[in-house]
Amino acid sequence: MGKGTLRVVVTATSDCNNCGKSTGFPLTYRVLQVSDASALAGLSLTQVWDKEEKVLGAALLKKTESYVDPGQKKELPVEREKGATAMIVVGNFCRTKGSCWNHVQPLSAGGTVKLSAGPNCFSVVK
């Protein structure tokens, strides 16, 4: 990976995105590179998913989509966009709680983010 490459690692639990069922389902997620992440504050997943351009406007510099299957790990390298100050990982969980459907990583904190995707939430992996 080059100097301008960001790295997103998502490890899905076996019950990832389980929609209230006994088994997990694949989780589609997006990595948004932004110049300002503040527009997401207080919004729900349904207010943001498929409306990123409208919600973030000119602050959205790049959107990359991927998915991870339950019990699997996926590493997604993303070329860093000029002017990006943060990357936001947004998970399209079928049932989510609170604001843990997304993770904001200021790029000043580094270009790698490691997340665990559980039944309805992301959590940071150290």
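A disulfide is here a pair of cysteine sulfur atoms within 2.5 Å. By that criterion, a search of the whole structure returns 2 disulfides. The model is a predicted one, in which local features need pLDDT of at least 70 and side-chain atom pairs count only at pLDDT 80 or more, while totals for chains, interfaces and linings use all residues. Residues are numbered from 1 along each chain as its sequence is written, and side-chain values use heavy atoms, with hydrogens and water left out.

The angle about the S-S bond is -120°, and the link of C19 and C94 is left-handed. This pair links distant parts of the chain: C19 is in the loop between β1 (5–12) and β2 (27–34), C94 is in the loop between β5 (86–91) and β6 (102–106), and the two are 75 residues apart. Strands, and helices likewise, are DSSP runs numbered from the N terminus (strands: E, at least two residues; helices: H or I, at least four). As for solvent exposure, buried means under 20% relative accessible area, exposed means over 50%, and partly exposed lies in between, using a 1.4 Å probe and protein chains only. C19 counts as partly exposed because its relative accessibility is 24%. C94 is partly exposed as well, with a relative accessible area of 40%.

The other bond is between C100 and C121, whose sulfur atoms are 1.4 Å apart. The torsion about the S-S bond of C100 and C121 is about -75°, so this disulfide is left-handed. Again the pair links distant parts of the chain, with C100 in the loop between β5 and β6 and C121 in the loop between β7 (112–117) and β8 (122–124), 21 residues apart. C100 is buried, at a relative accessible area of 19%. With the bonded cysteines of the chain numbered in sequence order, the pairing reads 1-2, 3-4. C16 is in no disulfide; the nearest cysteine sulfur to C16 belongs to C94 and is 9.1 Å away. C16 counts as buried because its relative accessibility is 0%.

Next come the aromatic rings. The structure holds 1 aromatic pair. The ring centres of F93 and F122 are 5.2 Å apart and the planes stand at 80°, so the pair is edge-to-face. Rings of Phe, Tyr and Trp (its six-membered ring) pair if their centres lie within 6.5 Å; planes under 30 degrees apart count as stacked, over 60 as edge-to-face and the rest as tilted. F93 lies in the loop between β5 and β6 and F122 in strand β8, so the pair ties together parts that are 29 residues apart in sequence. Both F93 and F122 are buried.

Rings also meet charges. A charge sits over a ring if NZ of Lys or CZ of Arg is within 6 Å of the ring centre and within 35 degrees of the ring normal. R30 lies over the face of W49, 3.8 Å from the ring centre. The charged end of K74 sits over the ring of Y67, at 4.1 Å from its centre.

The strands remain. Two strands pair if DSSP finds at least two bridges between them. An open sheet is formed by 4 strands in the order β3-β2-β5-β6, with antiparallel pairing. β3 (60–68) and β6 stand at the edges with a single partner strand each, so one side of each has no neighbour in the sheet. β5 and β6 pair in the antiparallel sense over 5 bridges, and I88 stands opposite V104 in β6.
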